[in-house]
Amino acid sequence: MVAHPLARRTEPSARPPIAADAFLRALADHAIDYFFANPGTDFPPIVEAYVRAKQSNAKVPIPLVIPHENLAVAMAHGAYAMTGRPQVVMLHVNVGTANAINNIINLNRDNVPLILAAGRTPITEKGFFGSRNRPIHWGQEMFDQAAMLRESVKWDYELRMPEQIVDVVSRAYEIMMTSPRGPVYVSLPREPLSAPLNEPIGPTKPRSVPAAPHPDPRLVATLADWIAAADTPLIVTTASGKDAMATLGRIAETYAIPVVTQRQRVVCLPTNHPMHMGYDSKGFIREADLVVVLESDVPYIPNEQNPRVDCRFATIGEDPAFKRYPMRSFPSDLAVTATAASALEALETALSKLSIPASCIAERRAQAVEHNRRRKEQFAATSSPSDERISPAYLSRAIAEAVGEDAVIFNEYSLMQDHCPREKPDTYFGLGSAGGLGWGFGAALGAKLAAPEKLIVATLGDGAYMFSNPMVAHWVSDVHRLPILTIVFNNSRYGAVRGATMSMFKDGAAGLDGGQFMADLSPSPVFEATVIAQGGHGERVERAADLPAALARARDVVMKERRQALLNVICPY
């Protein structure tokens with residue numbers, strides 16, 4: 001007879017498996033390596049299952065206690081960035097979920113597959129194993145706990161019967177890994193999670209995930225024709241990623257098509273590629289007669305620039321319409337639903353069958369060479385060091401020189417990509433389009449967990465650093481032995497707030513003090529003391545002449561001494 005999830009339970013001498021045992025085993029069977037947890041009173045079944053697993057050497061994900069939910073989700077994001085494998089975070093009921101929503105929104109926009117699991121206040125008030133036994137169990141119950149984040153997940157479900165726990169995990173995996181990927185939410189009341197199972201726990205075979213979309217050959221042929229006929233084609237990409245990088249580089253080089261990696265969130269094209277035109281499409285959009293928008297949600301700012309009237313737009317992506325965006329009105333004359341890699345491979349084949357005048361290609365190539373020559377001259381001038389003030393451009397350049405081409409950088413706004421070249425895939429990750437602060441530090445820690453041999457660097461504004469729960473983050477770095485290099489671009493203000501104010505009211509009352517009101521973060525805390533308190537290395541750097549040596553010291557502490565390090569760099573801008 002199948003046990004009811006709320007059946008009264010007596011303790012037998014031999015422990016039968018409980019639903020939590022099956023939950024952890026099913027996660028491991030679905031290639032989930034880590035269990036990022038911020039526990040609460042809903043976790044006793046999980047605690048019991050992990051202790052049993054330790055005693056029996058059962059197959060389970062590695063547990064990590066992370067004392068803040070937002071940080072835990074960011075760490076899962078960083079681990080996924082390094083491995084491409086799905087992740088899981090479990091939190092405490094509604095309040096834990098609420099703390100995690102900020103970074104769940106980031107994961108949603110970046111298509112990161114994550115099972116966000118949360119307990120639920122016990123269903124029963126008395127008489128059953130797991131019934132409520134704390135005052136908070138009444139105050140934490142909600143009519144619809146998942147409602148607070150439903151817009152930011154692909155699927156949500158609440159466990160009802162202990163016997164369905166493996167099916168719940170399988171369904172969550174299937175949905176989150178289906179293109180386009182994204183987070184899902186599962187709530188786990190502790191009565192069914194702690195209930196016994198009548199059947200032994202066996203291995204779970206993951207379901208086959210539906211294949212990602214492939215391009216329509218007719219649409220690709222049309223796009224190839226458009227490129228062949230265009231005088232000034234342009235490719236704009238934000239997140240086409242490493243799988244598409246080589247093909248994108250060949251197409252751009254062969255046909256001399258300029259590529260702008262618009263506010264890129266991953267390395268889309270090596271910085272030194274001859275057709276890499278930088279990170280802002282402004283100026284290029286006005287001249288292009290064809291724009292290929294490749295996995296880019298905002299290819300340009302319509303309020304700041306207008307394309308040519310006769311310009312045609314082709315959009316390529318797993319969701320080229322960005323259906324989860326309530327309003328997005330960029331032009332699209334041709335839409336190809338496909339991964340960036342498969343679309344570009346098909347396009348390369350289609351272009352090879354066409355004849356494009358060599359003179360046209362040569363002219364575009366010459367223009368690109370001249371454009372990049374001017375860019376490099378400008379970079380050399382703006383990033384030149386002085387003995388005093390440290391500019392963001394110089395700090396970005398100095399970071400690149402200190403950490404080398406193999407380091408992995410997680411940037412939360414401040415690093416200037418024009419001055420920090422990244423030539424290799426998976427060596428740069430930027431804050432997603434949702435812009436939820438408090439992401440970069442945690443993502444860097446998660447990356448270090450998944451790639452312990454790599455130098456991981458977090459470049460953060462001082463506001464972003466404070467958002468990241470730094471005391472908790474440094475504790476996690478120390479306790480879980482995840483030494484990373486954190487560099488704070490400290491201008492004692494919220495730069496985004498000030499910039500937005502000045503963009504609208506530079507000549508208004510708010511512009512009289514340079515947009516400082518509600519953006520001022522002075523006096524700045526002694527950030528370096530926070531890392532020192534957790535056994536790390538911390539320095540404050542104020543003079544440009546001192547910066548290279550400070551960066552080298554901090555890098556060596558991380559890589560040679562295996563301790564975390566932080567530089568508080570005073571960088572007014």
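Helix α2 takes in residues 44–56, which makes 13 residues, and from its first C-alpha to its last it reaches 18 Å, close to the 18 Å expected at 1.5 Å a residue; the expected span is 1.5 Å times one less than the number of residues in the helix. The model is a predicted one, in which local features need pLDDT of at least 70 and side-chain atom pairs count only at pLDDT 80 or more, while totals for chains, interfaces and linings use all residues. Residues are numbered from 1 along each chain as its sequence is written, and side-chain values use heavy atoms, with hydrogens and water left out.

The buried residues of α2 are P45, I46, A49, Y50, R52 and A53, where buried means under 20% relative accessible area, exposed means over 50%, and partly exposed lies in between, with a 1.4 Å probe and protein chains only. An α-helix has 3.6 residues a turn, so residues three or four places apart point the same way. On the face of α2 turned away from its buried side one finds the exposed residues K54 and Q55.

In the loop between β1 and α2 lies G40, which counts as partly exposed at 25% relative accessibility. Its C-alpha atom and that of V93 are separated by 7.9 Å, although G40 and V93 are 53 residues apart along the chain.

The structure holds twelve aromatic pairs, and rings of Phe, Tyr and Trp (its six-membered ring) pair if their centres lie within 6.5 Å, with planes under 30 degrees apart counted as stacked, over 60 as edge-to-face and the rest as tilted. The rings of F23 and F35 have centres 6.4 Å apart and planes at 80 degrees, so this pair is edge-to-face. Because F23 lies in helix α1 (residues 19–29) and F35 in strand β1 (residues 34–37), the pair ties together parts that are twelve residues apart in sequence. F23 counts as buried at 2% relative accessibility, and F35 counts as buried at 1%.

Another edge-to-face pair is formed by Y300 and F330, with 5.2 Å from centre to centre and 75 degrees between the planes. Y300 lies in the loop between β9 (290–294) and β10 (312–317), and F330 in the loop between β10 and β11 (334–337), so the pair ties together parts that are 30 residues apart in sequence. Both Y300 and F330 are buried.

Turning to the strands, six of the six residues of β17 (residues 565–570) are buried, so this strand is largely enclosed by the rest of the structure. From β17, A565, L567 and V569 point one way, while L566, N568 and I570 point the other way. Strand β15 (residues 485–490) pairs with β17 in the parallel sense over six bridges, two strands being paired if DSSP finds at least two bridges between them; within this pairing, V488 has N568 as its bridge partner in β17. Strand β16 (residues 537–541) also runs parallel to β17, joined to it by five bridges, and V541 stands opposite V569. Together, β16, helix α19 (residues 547–559) and β17 make a right-handed β-α-β unit, which is right-handed if, with the strands pointing away from the viewer, the path from the first strand over the helix to the second runs clockwise.

Some details of the backbone remain. A cis peptide bond joins S179 and P180, with omega about -15 degrees, and P180 has its place in the loop between α6 (165–177) and β6 (184–189). The peptide bond from S522 to P523 is cis as well, with omega near -5 degrees.

Conventions:
Helices (H or I, at least four residues) and strands (E, at least two) are DSSP runs, numbered from the N terminus.
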